[in-house]
Amino acid sequence: MTTRVIIVDDQAMVRAGFAALLAAQSDIDVVGEAPDGAQGVDLSRRTRPDVVLMDVRMPEMDGLEAARRLLSPPPGVAHRPRVLMLTTFDIDDYVYEALRAGASGFLLKDAPPADLIAAVRIVASGDALLAPSVTRRLIADFVRQRPVTRGRPALRLKALTERETEVLVLVARGRSNAEIAETLILAEQTVKTHVSRIFTKLDLRDRAQAVVFAYESGLVAPGE
């Protein structure tokens, strides 16, 4: 199955380089490029890509606002692509807010080509790009600067079973399903089922949102 991708970045050289790299892969099809967030949203609506590579800082409309519009579409618009944020900074408040909005992760622009290709495939598969330690550090750093959210997030935790709560803690610490299965002595398929139920009960889209939720609800403390 071919993954359809669009690239949204205000630098033409960056767009061209990423497009050439991704188009060379037999399982990836670059279906369009845009120089700013507003045009990126319009292009996504027209081409319906699986994954949007979205620069954070752009004129006209930045990547954060564009990601919000793509991930929370207006009534009548059903398509919601996976959004992978691109940034030149490893710690960026915009990226944190994009994860809260539902982006599936972020990647540094100077990452090796193989990492970009792998990132697109990971996000397209429905997972979140949380493996790099920098992503966990970004979330932990920005949550540390904010008071833990009381009220609704913490109350929503009550919907989880004890086992589901244990799984969510490990997801928030960046563990894969296989690692969670080994830690809790469960079958990996059982872990997948727990993760799916957590997403449903907490109204979360993927692991990126689950990590943010776990920190903001106080279930996991930064630095643990």
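**Exercise 1. Strand β3 and its neighbours**

Determine which strands pair with β3 in this predicted model, and in which sense.

Solution. 
Step 1. β1 pairs with β3 in the parallel sense, over four bridges. Within this pairing, Ile-6 has Val-52 of β3 as its bridge partner.
Step 2. The pairing of β3 with β4 is also parallel and comprises five bridges. Here Asp-55 lies opposite Leu-86 of β4.

**Exercise 2. The annotated aspartate**

Locate Asp-55 and describe its surroundings.

Solution. 
Step 1. An unreviewed UniProt entry places the feature "modified residue: 4-aspartylphosphate" at Asp-55.
Step 2. Asp-55 belongs to strand β3, which covers residues 51-55.
Step 3. The relative accessibility of Asp-55 is 4%, and therefore Asp-55 counts as buried.
Step 4. Leaving aside residues up to four places away in sequence, Asp-55 touches Val-8, Asp-9, Asp-10, Gly-63, Met-85, Leu-86 and Lys-109. Among these contacts is Leu-86, the residue that stands opposite Asp-55 in β4.

**Exercise 3. Strand β4**

Solution. 
Step 1. β4 is joined by three bridges to strand β5 (residues 106-108), and the two run parallel. Met-85 stands opposite Phe-106 in β5.
Step 2. Arg-82, Leu-84 and Leu-86 point to one side of β4, whereas Val-83, Met-85 and Thr-87 point to the other.
Step 3. Six of the six residues of β4 are buried, and the strand is mostly covered.

**Exercise 4. The faces of helix α1**

Explain why the buried residues of α1 can be assigned to one face, and identify what they pack against.

Solution. 
Step 1. Helix α1 comprises 12 residues (12-23) and reaches 16 Å from its first C-alpha to its last, close to the 16 Å expected at 1.5 Å a residue.
Step 2. Its buried residues are Val-14, Arg-15, Phe-18, Ala-19 and Leu-22. Viewed down the axis of α1, the buried residues fall within an arc of 125 degrees, so they line one face of the helix.
Step 3. An α-helix has 3.6 residues a turn, so residues three or four places apart point the same way.
Step 4. The exposed residues Met-13 and Ala-20 are on the face of α1 turned away from its buried side.
Step 5. The buried residues of α1 pack against β1 (3-8), β2 (28-34), β3, β4 (82-87) and α5 (113-124).

**Exercise 5. The whole protein**

State how many helices and strands the protein contains.

Solution. 
Step 1. The secondary structure comes to 11 helices and five strands.
Step 2. Of the 224 residues in the protein, 48% are buried.

Notes:
Residues are numbered from 1 along each chain as its sequence is written. This is a predicted model: local features need pLDDT of at least 70, side-chain atom pairs count only at pLDDT 80 or more; totals for chains, interfaces and linings use all residues. Side-chain values use heavy atoms; hydrogens and water are left out. UniProt positions are given in the numbering used here, feature names are shortened, and annotations may be inferred rather than shown by experiment. Buried means under 20% relative accessible area, exposed over 50%, partly exposed in between (1.4 Å probe, protein chains only). Contact means heavy atoms within 4.5 Å. The expected span of a helix is 1.5 Å times one less than its number of residues. The arc is that of the directions from the helix axis to the C-beta atoms. Two strands pair if DSSP finds at least two bridges between them.
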